[in-house]
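Morning, everyone. Please have a look at the model on the screen. I'll start with one term and then walk through the fold.

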Amino acid sequence: MTHNQFSSGLESANLVVTSDPVHQAWSAIEKQKQINPNAEPTLCNVTQESNLTIIAFGTPLGSLLEEEGLVSSSALKADNFTDFEFLGTKSNKSFSINQAAIKLFRANYDELNRKKTKLIELSKTSLVIITGRSMGGSVATLFTLWLLKGLDLLKTKRPLCITFGSPLVGDEHLRQCVLQFTTWKSCFLHVASNQDPTPKHFLTRNTSGAYKPFGTFLLCSSSGCACSEDPDLILEQLVTTNSQSAQNQDPNIEFRYGQALEDLKHKALCKSSSQSIERERDPLQASIVTQLLAIGVLAQQQPDTEMKNQIRRMKKHETELLIQKKKNSGSDKKLNKMKTCLALFEWYKKESNFLNTGYYDMYKKQCNPSDINVSEYKKRLWNFWEDTVTEVENKPQMEGSPLGVRWLWAGTNYRRMIEPLHIAEFYKKSGARNYKNGGKRPKHFILLEQWLEKEIKGKAKRQMSATSNEDSCFWAHVEDAIILCNLLNNGESVTDVEKVTYKEELKKFEDYVWDVIDNYAVCPDIFLEKGSFMRWWKQYKGIVGSSYSSQLADYMNSRSYLKYT
């Protein structure tokens, strides 16, 4: 299984070099130079066909290859340039971008902004390819990130950024920020030949440890090619690829990728594979050696000690990737398991309704044998969703919900079912009050509610389970209202001013209750006679008097709630 996974680097490379987009991208770069070969090239040109739009970034004369330094996002912000601030996360607030690339980007900002606006509209019906060579590829990468921010990938076609011989554009923090957008990494393909010194231009200087690649790299040589997404292996292979011609070649002299791609396409179509490695008995090691031969890192002779160490590191890395892949594939299974766990609470609710107490109050009293099991299941669900929300929170926050729809509604069901139990535990403590607005509410409940509000904003209301209240803090409001009634009934220790304030707060709660009842946003068990809500109503009725009339009072006094469904 691991062997097949690693071999996919060779198979993916063959697929790439035989597909149209990579050849169309290079062709657009060539055409841009042919427009006026004697003039200094413009930064970018757009070409359009029936269902294809290509924006090609050229390499202006004096393209700043000597500026290998990195500039931090905080420094850019201080310089009033915040267009890439959206990439920052709570765990990665600052990242760094190549100084030359950002200088070119900013120098052409107005033109790029106009093209971005145009491409956002075109991407609804057309495949958009952003491409570039050398430093033009670095700017193309930044432009693609900028464009992706403005796209709704559920409604538009995903753009593809294809660079040729492009220097690395940022540091490890930038890579981590980009990877937080799970659908973005597949938008980047970087083609790099072992005969082209430009991709590793900054890696030969004192900044080599700072740069980190992201996206898929198509590493190629005259022998073949292979794809890789692992940043450490790509970095190592770029540095290791050290042919004599690359050492002597001027980075300002362009390597001709067109012919190289045609040769690789011919090899792939003719199924001309790299040299067979008969001496390797380990299938994973054989795959690794074959890939290293294909990209020109490894010569045909027996690997030396340094190369053996690299092969050993690659084997270890592939094993770790496989373990991670299995772990990720188990996420949905775990979510389904949590849903099953949540379903057990439905039985607990039915039992509480049978006792005419209600779900919330039965758990608060903790006098039923099944309460122990419920506490255990609550703890499991709590740990799962708290960890999930924390992980998602550390990702960049864009418009809409950070959670997928399926996970968001699963989290909403969890919040509406489990937070009332947490509220019950909270109000069992002496002197507890003001759960929602007093800074006592757990953060993952707050975020799940905020993400839901973002998701449903402007959309039709979605029908939820009739067994849970839409407002997961409903019982906290009830408890605070009961506390206010108790304070008013204990008249000796309450001032006249406080009485007025408490009655105003109770009126607000009454209006809130009528609103959720009128909109069918609460479940019928709030009207169970032994429950906290009915206890509040009896106290409140004593305070306002039997002659008091309001929508809620008339509804409750006429016992219309018995027909509530």
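First, the term: a residue is buried under 20% relative accessible area, exposed over 50%, and partly exposed in between, using a 1.4 Å probe and protein chains only. Now, is Trp 475 buried or exposed? Trp 475 is buried, at 6% relative accessible area.

Two notes on the source. This is a predicted model, where local features need pLDDT of at least 70, side-chain atom pairs count only at pLDDT 80 or more, and totals for chains, interfaces and linings use all residues. Residues are numbered from 1 along each chain as its sequence is written, and side-chain values use heavy atoms, with hydrogens and water left out.

Back to Trp 475. It is found in helix 17, residues 474-489. Helices (H or I, at least four residues) and strands (E, at least two) are DSSP runs, numbered from the N terminus. Contact means heavy atoms within 4.5 Å. Leaving aside neighbours within four places in sequence, Trp 475 is in contact with residues including Tyr 360, Asp 361, Pro 420 and Phe 533. Asp 361 is 114 residues away along the chain, yet the two C-alpha atoms are separated by 9.6 Å.

Seven strands form an open sheet, in the order 1-2-5-6-7-8-9, with mixed pairing. Strands pair if DSSP finds at least two bridges between them. Strand 1 (44-48) and strand 9 (225-228) stand at the edges with a single partner strand each, so one side of each has no neighbour in the sheet. Strand 1 runs antiparallel to strand 2 (residues 52-57), joined by five bridges. There, Thr 47 stands opposite Ile 54.
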